[in-house]
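Okay, everyone, thanks for coming. Let me put today's model up on the screen, and then I'll talk you through it.

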Amino acid sequence: MSAIGKRKIWVGPADGPACKPLVKEGLAIDAFLPGTLVDRTPSGLETSTKAATLFGQEPTIAMEYGAHTGNDVDTAYTIGDTAISAFVRSGEFVNGLVAVGNNITVLGAPLTSNGAGRLRLAATDGTEFILFHADEIINVTGADALVRCIKV
């Protein structure tokens, strides 16, 4: 279990327990932690470098390594590992990796990509594409942290 109490990346939908995540897998092209925004390429999965100003993104989040090996959300994928990611659909909850320095003070705070595979607070003036809304209040200090959020 993660140091902050998270056990899973995909938490589930708001409407029922029978739903499953839409899973994609591929070789890890670079090293990344579960909860990281990733992109699927012809070679596999890699850390997303999409900017917040790129509209129309569909978020894909690296699942916990334990989804197929018995490890947990703190175990990073290394280059060449078989990595699993979830394509997050509207209404689904995930624990996404939020970059250090983000102080989430209200439920529903908008989150976007920081261009390095992490989430960050989004501008609300229409200049950035909002991927998720925070579903917990947390001050991310010291290190990146998993934060429960819902896909918009």
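**Overall fold and salt bridges**

Let's start with contacts, meaning heavy atoms within 4.5 Å. Among those in the protein chain between residues at least 6 apart in sequence, 62% join residues at least 24 apart.

Quick housekeeping: this is a predicted model, where local features need pLDDT of at least 70 and side-chain atom pairs count only at pLDDT 80 or more, while totals for chains, interfaces and linings use all residues. Numbering runs from 1 along each chain as its sequence is written, and side-chain values use heavy atoms, with hydrogens and water left out.

So what's in the chain? We've got one helix and 13 strands; those are DSSP runs numbered from the N terminus, H or I with at least four residues for helices, E with at least two for strands. In order, the pattern reads β-β-β-β-β-α-β-β-β-β-β-β-β-β. The radius of gyration is 14 Å, close to the 15 Å from the globule rule for 152 residues, so the chain is as compact as a globular protein of that length. That radius is over C-alpha atoms, and the rule is 2.2 Å times the number of residues to the power 0.38. As for burial, 45% of the 152 residues count as buried. The cut-offs are under 20% relative accessible area for buried, over 50% for exposed, and partly exposed in between, with a 1.4 Å probe and protein chains only.

Now, salt bridges: a side-chain nitrogen of Lys or Arg within 4 Å of a carboxyl oxygen of Asp or Glu. How many does a search of the whole structure find? Six. One of them pairs Asp144 with Arg118, at 2.6 Å, N to O. Asp144 sits in the loop between β12 (138–139) and β13 (145–151), and Arg118 in the loop between β9 (110–113) and β10, so the pair ties together parts 26 residues apart in sequence. Asp144 is partly exposed at 32%, whereas Arg118 is buried at 17%.

Then there's Arg120 with Glu128, closest N and O atoms 2.6 Å apart. Here Arg120 is partly exposed at 23% and Glu128 is buried at 14%.

Last stop, Phe129, in the loop between β10 (119–121) and β11 (132–134). Beyond its neighbours within four places in sequence, Phe129 contacts Ala52, Leu54, Phe55, Gly56, Gln57, Leu111 and Thr112. Take Gln57: it's 72 residues from Phe129 along the chain, yet their C-alpha atoms are separated by 7.7 Å.
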